Amino acid sequence: MGDIGKKEENKGLGGKNSFSYLNEGNDTDRDEIKNTPYYCPDFKENIQLTLSHFQVPLFPRTISTHISKGRQIPIHDVDEIYHEFEKSKFIDCRISAFPFIEKPVPNFIFIDLDDIHKNISLDRILEITLSNIKKRLGGVPTVLQTGNGYHIYQPIDNSRRFEEMEDFKEFDNPDNRFLRFEKDYLSSGYADKANYPSLKSCLLRVPGTLNSKCLDKGLSNGDSMVKILQRWDDKRPPVGYQIGTFYSYLISEREKDKTRKAEYDNLFRCSKPKEIPWIERLLETPIGDHRKTCLWHILVPYLVNVKRVQESEVYQILGKWLDDCNKERKIDFNTKYTIKSNLKNVKDFLPISKDNLQKEYPDIYKSVGF
Amino acid sequence: MKDTNFISFLNRYNIEGFQISDNNFIFKIHGHVIRSIIDFSNFDKSIVNLRDNLDKHTEDIELKEGLVFEISKKWPAVVEECLPRPINSYIEWKEGLVSRYSDLKQTIKEHFPELWETVEIELAVKSILNVKDISLPFACILLGPPSSSKTVGIELLRDTPNTFYTDSFSAKSFVSHNTSVPRDKLQEIDLLPKIKNNLFLSPELSPTFSKKDEELIETLGILIRVLDGKGYESDSGAQGHRGYTGEYMFAWLGAAVEISRRVHKHLSTLGPKLYFYRLSKISKTEDDYIRLLQGENFGDRVQKIKVKMVEYLEWFDRYPWEDPPNEPKQEEENKIKSVVKIEWAKERDEKKALEYIVKLAGLLAHLRGTLQTWETRDTQGIDYAYTIPIIEERGRAATQLYNLARGHALSQGRNFIIIEDISLVIKVVLSTASIERVKVFDLLLERWGRLSTSQITKALSISKPTARRTMAEFKGLGMVSMVGESEDDGNDQQLFDNAEKMMTLKPEFGWFLSEEFKRLREGYELNLEHYASNISIESSEILVEGELKEKTPPSTINNDNSTYECYYCEDFPSTMDKTGYQRHVISIHPGKLAYPSKSDLTKNKLKPKGKTWET
């Protein structure tokens, strides 16, 4: 942490509960700090800076904070944002990349880089990503240091949804897929896999706010603060700079899907109905917890796709099992409806494997008597 | 793929000369010619190649993305235009093959009619390689006078996939012991690995079969061993022990003017593993030859046939098989393309056709048997005695003739044989025995199975002693019975002089006198106007079951002893071939289950078949 860090200390930033954003002027020379992670001393400036990445309409838009526990709150102006952030003591404050309107346009790329890769440093990943953005889009994005990694904000110039474009109509959900494809493509696959941006949920951390994950680790407010490492160049590369690459990706995925489906279909069609002893054992074992999980992940896929029993028989078998389970602990859901809904959605899913059951649901694993 | 939008895009970005050639996108940007390799089976790879090539020559992002976008949009058209559409079902493949077979035949009949019989046998021999469970090599030598188009036929297959062509070779070249080549390089010159899984083409074998006896025996000895399909190993003082073991399947198509009697003699001693096909005599009038001279030149006619041949072979190789190639590494090393292997539906073979093959194998065994005869003048009988004949056990010949019939069937897209496949087998059997014996046999057939010495002398222009020796030979081979002067033979008796002898074809060869045999023979060589029939011979069923087995047949049958029957159609016969059954359901009944449970049967109103999975 450089001088700014020290200044932050002087401002009394020093603990999750004692933090307050001081809305006062700061005379620090911007040029002096441009290569050092920083945030704008006037917090509203940080909000404005975040909003500057977006095309109109800016509002209504949603935000989320630490106290909203990730739930998105619709807001209508900067003051409202500030007010909500302040209520949350500026912890985990995020603004949606897309307006809260019926059909937002995918005109923003968000890339989340985390330090989770063993063979490559986070800084190297950032370098690769920025180089890709420069090469493929000619763009210079905003880079935030979030405490755990980097967030990259790259606005693009786009006024139409892909689903409205003739060439993309044949594809399923092209707008959200664009956001997800770009994050992976531009980061050469290093972007956080758990991050799954969509037009409805793409929340951006705001510079000058605190990252609760860092605070939880016991880091200081200064080290937990989201800072600007690089500000974007105010140029929006046209969406046409990625249109070919994105389109070829969609074509490729569609072909792979076809192959996967055909392979799976043949595999399924050429398998004989069979019994899996441990699932048969589970059907004879009433359990007090995880009944819904068992139905969805194990029993319904098993009876339909492995043992291939008739639907009426599925109701009968599972009804009996749930009755027995009810004696262990009262069931608080509508059993018939749950079975029906599972049957409707089971498609060609297969039951969870024994190994995954042990890893993901050790309680159920024990119940079956392994 | 060049529609108006694409052309205007190319113009907008000054992309010149866009074309697809030799599996490459070729175009010019800013004066640079860009060639980008297309992998028609891998869209991603092709686009990555294109983008990488574009990156090397331009920084214009809009141009690069635009071209990637346009080509991605056109990809199905690119594939359609440049790559043959994959064939998804056996039925589609079969229909396409039959149509191309017929096109080829039509073209040959139009431009070179006498070539068809050569091509027919060539395709049959070539297709033996494509039957999945055949591991016994098949060698067929075309025999015919010079300029009888046998070489033209072989040339048609030259340079096509899975063939190895040579004008001349020595038997020792199968496994070389050449001292001037380092031992580690010998493998590169050995012939045996080169012909493995290939059709071996050798258009001139006359010199090979005209060698001195000692050399000929050595040559035939090696050929016979190689034709066992188990490789070949040999030792020499120079290179020590060298050779190859394992499955060495191949098919051999050679040509020669004639095979001398001594070759037949040696072959019958060493093992009768060579099969021959004697081309029919060309009957053309002077007018025919004049028309030939006035018509298209030879090269153009052959070229037209070659085009159709390539179309046929390419379609054949597009059979929708899923099995991985055998020993891919070795094949890759030898630059040999894997051969399409097609499952045989034995259960669909016509029983009658199998019976005829067994009869023909029996005839061939007798016709190419070995025995010595010597004169015993002034004794009773036909004045000639003979040794105990060596007659091959007919099992192996039956297997080889069956394989040939299978090759013939498969060349027309069938994986089962029918009666019509027997015609070719008959011609091969009559060609494989020595010409002298076949002539006498034909004469026997012509005379309803009864033949006298004077009839032989007259018909074959040979002396009475030679005719009597021939009769002794046939008797010794167990094909005929002699009717002696003391045996009353009705009114015919008065026709003969004192030395006149008569032989009659034994009842077990009665089928060859029948109308059916005559029909299947398709007038090959002889024009019989009279025939005898209604001579029954004992059933050959036991032989059909017991002897038509490949020497070491690779198992294609599932071990669980289940039989598989299609739930959805009547066309698929009950089989033990699990893979074949699954392939049938997947390709012919999309979306249907191969192993329906009890509930599936009820749900889909299917008839239960009592299978274990119907629970």
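Which helix of chain A lies across S4, S5, S6 and S8 of chain A? The answer is helix H5, residues 122-137, which runs at about 10 degrees to S6(A). The model is predicted.

- Four strands of chain A form an open sheet in the order S4-S6-S5-S8, and their pairing is antiparallel.
- Strand S4 (108-114) and strand S8 (227-230) of chain A are the edge strands, each pairing on one side only.
- From one strand to the next, the twist averages 25 degrees.
- Inside this order, strand S5 (residues 142-145) and strand S6 (residues 149-155) of chain A run antiparallel and are joined by four bridges.
- A:Leu144 has A:His151, in S6(A), as its bridge partner.

- Side chains of opposite charge can pair when their charged atoms come close.
- Over all chains, the count of salt bridges comes to 43.
- One of them joins the side chains of A:Glu170 and A:Arg254, at 2.4 Å from N to O.
- A:Glu170 sits in the loop between S6 and helix H6 (174-186) of chain A, while A:Arg254 belongs to helix H9 (residues 240-269) of chain A, so this pair ties together parts that are 84 residues apart in sequence.
- A:Glu170 is partly exposed, with a relative accessible area of 47%, and A:Arg254 also counts as partly exposed, at 27% relative accessibility.
- Another salt bridge links A:Asp289 with A:Arg329, whose closest N and O atoms are 3.1 Å apart.
- Both partners lie in loops: A:Asp289 between helix H10 (277-283) and helix H11 (291-306) of chain A, and A:Arg329 between helix H12 (311-328) and helix H13 (335-345) of chain A, so the pair ties together parts that are 40 residues apart in sequence.
- The relative accessible area of A:Asp289 is 45%, which makes this residue partly exposed; A:Arg329 is partly exposed as well, at 41% relative accessibility.

- B:Arg406 and B:Asp133 form a salt bridge, with 3.0 Å between the closest N and O atoms.
- B:Arg406 lies in helix H16 (residues 394-410) of chain B and B:Asp133 in the loop between helix H5 (116-128) and strand S4 (138-143) of chain B, so parts that are 273 residues apart in sequence are tied together by the pair.
- Both B:Arg406 and B:Asp133 are buried.

**The interface of chain A and chain B**

- In chain A, 29 residues are in contact with 31 residues of chain B.
- About 2500 Å² of area is buried between the two chains, and carbon and sulfur atoms give 58% of this area.
- Five salt bridges are found across the interface.
- In a salt bridge between the chains, the side chains of A:Arg308 and B:Asp600 meet at 2.8 Å, N to O.
- On the side of chain A that touches chain B, the elements that give two or more residues are H5 and H9 of chain A.
- H9(A) gives the most to that side, with 14 residues.

Terms used: Residues numbered from 1 in each chain as written. Chains lettered and ligands numbered in written order. Predicted model: local features only at pLDDT ≥ 70, side-chain atom pairs only at ≥ 80, totals over all residues. Heavy atoms only, no water. Pairing = 2+ DSSP bridges. Axes fitted to C-alpha atoms, helices over the stretch in contact; angles between N-to-C directions. Contact = heavy atoms within 4.5 Å. Salt bridge = Lys/Arg side-chain N within 4 Å of Asp/Glu carboxyl O. Buried < 20%, exposed > 50% of the residue type's maximum accessible area, 1.4 Å probe, protein only. Buried area = accessible area lost by both parts, 1.4 Å probe.
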